[in-house]
Amino acid sequence: MKHIPNNTVAFVLVLAAGAFIMLMYSPDTSFEGGPAIVEVSDSVSKPTVLGESDMDTGEVHPVSYAAMREKQYDGSNLVVGEALAETASYTRYYITYQSGELTISGIMNVPKGDGPFPALVLNHGHIDISVYTNGRGLKREQDYFARNGYVVLHTDYRNHAQSETDDRDTLAVRLAYAEDAINAVYALQRAGLSYIDADKIGMLGHSMGGEVTLGSLVSQPGLVDAAVLYAPVSGDMRRSYERWISRESNNIDDITELYGSPDESPAFWDGISSETFYDQITTPIRIYHGTADDSVPIDWSYDTLDKLQSAGVDADLTVYDGEAHEFGPRWTSFMDRSREFFDQYLK
């Protein structure tokens, strides 16, 4: 394992090959051995990060992180339902909670033993709504953290599983996933459950869930005490537009008619990009990404690190050589490092 400390310049060239594929969510175990880890603590350039005062929109667009920053969040009414499974270490429950006008479903793993326990909100990546089921995605991570003494709330998001429906366009709904994650934190804090330490909450997001996490942190600075981004998409929504949204024939016409393309409406696309507001983040962040990720380019995480650090955020990136979008051989190493990071701030 090679560790590159702060203020050290690291150059990594990643050659991406192959045709475009949509995000897939199944563990990749095709890599053998124990590839080296390169931990990057600094980058070469320090790009300018725009603040809200730099937006030339006049009024705040209702679909924007600026609008989400002005919201009053009422996450509450955490209902712990039937037990779905039980292990020697924890019990898995079906849960619901309130996010604005919507009831959101999810699961919660509750450790056995004497609490209160710190809690984590897990934000899953893109999974087609037509096949998504309650608690799907991040199953290994849910299990690992519960076995290591964390209450784990995995939110389904609106329009998923048994959550209620938001009938707006797909872009507005996607931005609102961050609202559901924010309200999950507040629902945990307001639940009054003796086994939850309401003052010690963290957040982890995978892939699209990485942007959900970043969107939560820019919308509600100080929301959680620590955050992990696992193979996250870019904080620049233009990149998602170019890689995925523009290829979604069922949605692209509606989106461009409503909002314009990034070239036509740059201010709007700034407003729905979390990186525009990185200077609002006060939570320490750790990023983990594999060099063999064919779904989300690793260059995006280098760029995210650079812009977070430029905005004054406590951020680090750990790169796993040969790991795919969902880690295989070095998954345990990634989880152990994530747990140690969360333990530092939550235990």
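The model is predicted, so some care is taken: local features need pLDDT of at least 70 and side-chain atom pairs count only at pLDDT 80 or more, while totals for chains, interfaces and linings use all residues. Residues are numbered from 1 along each chain as its sequence is written, and side-chain values use heavy atoms, with hydrogens and water left out.

Let us begin with the whole chain. It has nine helices and 11 strands; helices (H or I, at least four residues) and strands (E, at least two) are DSSP runs, numbered from the N terminus. Of its 347 residues, 57% count as buried. Here buried means under 20% relative accessible area, exposed means over 50%, and partly exposed lies in between (1.4 Å probe, protein chains only). Now think of contacts, which means heavy atoms within 4.5 Å. Among contacts in the chain with a separation of 6 or more, 76% are between residues 24 or more positions apart.

Next, look inside. In soluble globular proteins, nonpolar side chains tend to be buried together. A nonpolar core is a set of buried Ala, Val, Leu, Ile, Met, Phe, Trp, Tyr and Cys residues joined through side-chain atoms within 4.5 Å. The largest one here has 65 residues, and Leu 188, Ile 281, Ile 285 and Leu 308 touch the most other members. Helix α3 (residues 170–190) gives the most to this core, with 13 residues. Another core, of 23 residues, lies apart from it and includes Leu 138, Tyr 144, Tyr 150 and Tyr 320.

Ser 240, in helix α5 (residues 237–243), is buried, with a relative accessible area of 1%. Not counting residues up to four places away in sequence, Ser 240 touches Arg 174, Val 233, Ile 245 and Trp 300. His 160 sits in the loop between β7 (151–155) and α3 and is buried at 2% relative accessibility.

Charged residues come next. Side chains of opposite charge can pair when their charged atoms come close. A salt bridge is a side-chain nitrogen of Lys or Arg within 4 Å of a carboxyl oxygen of Asp or Glu, and the whole structure holds 17 of them. One of these joins the side chains of Glu 86 and Lys 112 (2.7 Å, N to O). Glu 86 lies in strand β3 (residues 76–86) and Lys 112 in the loop between β5 (102–111) and β6 (117–123), so the pair ties together parts that are 26 residues apart in sequence. Glu 86 is exposed, at 59% relative accessible area, while Lys 112 is partly exposed, at 37%. Another salt bridge joins Arg 158 and Asp 166 (2.8 Å, N to O), and both of these residues are buried. They also belong to a network of salt bridges that links Lys 71, Arg 158, Asp 166, Arg 168, Glu 179 and Asp 180.

Now turn to a pair of helices. The axes of α2 (residues 139–147) and helix α9 (residues 331–346) come within 11 Å and cross at roughly 50°. The contact is made by Arg 140, Glu 141, Tyr 144 and Phe 145 of α2 and Trp 331, Met 335, Asp 336, Ser 338, Arg 339 and Phe 342 of α9. Axes are lines fitted to C-alpha atoms, for helices over the stretch in contact, and angles run from 0 to 180 degrees between N-to-C directions.

Most residues other than glycine have a negative phi, and most peptide bonds are trans. Ala 161 has a positive phi of about 50° although it is not a glycine, and Ala 231 has a positive phi near 45°. Ala 161 is partly exposed, at 29% relative accessibility, whereas Ala 231 is buried, at 0%. The peptide bond from Gly 115 to Pro 116 is cis, with omega near 0°, and Pro 116 lies in the loop between β5 and β6.
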